[in-house]
Amino acid sequence: MTSEPRQQPTDDQSTVQVSVDPVQFESEAHMRWWYAIRNADLTRHGCRSLKKISVDQHRQWWDECKQLIDTRRLYFLRRHHGDYQPQVVGIGRLDKRQGWTEVTLYVEQPWHRQGIGTKGCKGLVREVRALGWPAPGVVVNGARVDHLKFFTGAGFVMKRPGWVQLTLARGRR
């Protein structure tokens, strides 16, 4: 992630475009970017596992993901703004489960509250539909009110308490 120039966040959401781009497993750069994001303190804090992983563990996981292409897809969220080079500001993941598809989304802290997560979430939901996978859903720590607000605002509705499972409400795109 550090190989791309960083632009300062802006409050002007109307001009920011976000693309949801599939990870190329053959790309060493994609593997390194994913590793950097996955091991970042804020990413681990927001996820179910706080433990850092080694490069070898990540490479093993990466190779497993290559084999799981029928049930798991990884994406980069790229921010496009004006004439600047698109930059990776987050990641997304789709996991095909029994009867539903788990959507996982992470946007780096400096880019929060700019519409990037919302646009990325919509893009991932479109990907689920384009793949013909089961209905999208998310699993959220019920104590993370900000995450619950984000996903309910994106059209997901509560299904189970605790580690809350949310499914996309019918008719929402």
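The legends below describe close-up views of a predicted model.

Local features are reported only at pLDDT of at least 70 and side-chain atom pairs only at pLDDT 80 or more, while totals for chains, interfaces and linings use all residues. Residues are numbered from 1 along each chain as its sequence is written, and side-chain values use heavy atoms, with hydrogens and water left out.

View 1. Helix α3 spans residues 55-67; helices (H or I, at least four residues) and strands (E, at least two) are DSSP runs numbered from the N terminus. From first to last C-alpha, the 13 residues of α3 reach 19 Å, close to the 18 Å expected at 1.5 Å a residue, where the expected span is 1.5 Å times one less than the number of residues. His 58, Trp 61, Trp 62 and Cys 65 of α3 are buried. Burial is defined by relative accessible area: buried is under 20%, exposed is over 50%, and partly exposed is in between (1.4 Å probe, protein chains only). Viewed down the axis of α3, the buried residues fall within an arc of 105 degrees, so they line one face of the helix; the arc is that of the directions from the helix axis to the C-beta atoms. Asp 56 and Gln 67, on the other side of α3, are exposed.

**View 2. The nonpolar cores.** A nonpolar core is a set of buried Ala, Val, Leu, Ile, Met, Phe, Trp, Tyr and Cys residues joined through side-chain atoms within 4.5 Å. The largest such core has 23 residues, and those with the most contacts inside it are Leu 94, Ile 116, Leu 124, Phe 151 and Phe 156. Two or more residues each are given to this core by β1 (17-22), β2, β3 (87-96), β4 (101-107), α4 (116-131), β5 (136-141) and α5 (145-153). Helix α4 gives the most, with five residues. A second, separate core has 14 residues, including Trp 61, Trp 62, Phe 76 and Val 88.

**View 3. Arg 78 and its salt bridge to Asp 21.** Arg 78 lies in strand β2 (residues 72-80) and is buried, with a relative accessible area of 15%. The side chains of Arg 78 and Asp 21 meet in a salt bridge of 3.0 Å, N to O; a salt bridge is a side-chain nitrogen of Lys or Arg within 4 Å of a carboxyl oxygen of Asp or Glu. Because Arg 78 belongs to strand β2 and Asp 21 to strand β1, the pair ties together parts that are 57 residues apart in sequence. Asp 21 is partly exposed, at a relative accessible area of 22%. Not counting residues up to four places away in sequence, Arg 78 touches Gln 17, Val 18, Ser 19, Asp 21, His 30, Trp 33, Pro 86, Gln 87 and Val 88, contact meaning heavy atoms within 4.5 Å.

View 4. Arg 72, Arg 93 and Asp 95 are linked in a network of salt bridges.

**View 5. Arg 97 in the loop between β3 and β4.** Arg 97 is found in the loop between β3 and β4 and is partly exposed, at 35% relative accessibility. Its salt-bridge partner is Glu 102, the closest N and O atoms being 2.7 Å apart. Glu 102 counts as buried, at 5% relative accessibility. Leaving aside neighbours within four places in sequence, Arg 97 is in contact with Glu 102 and Pro 134. The C-alpha atoms of Arg 97 and Thr 71 are separated by 7.7 Å, although these residues are 26 residues apart along the chain.

**View 6. Backbone of Arg 113.** Arg 113 lies in the loop between β4 and α4. Phi of Arg 113 is near 65 degrees, a positive value in a residue other than glycine. Arg 113 counts as exposed, at 79% relative accessibility.
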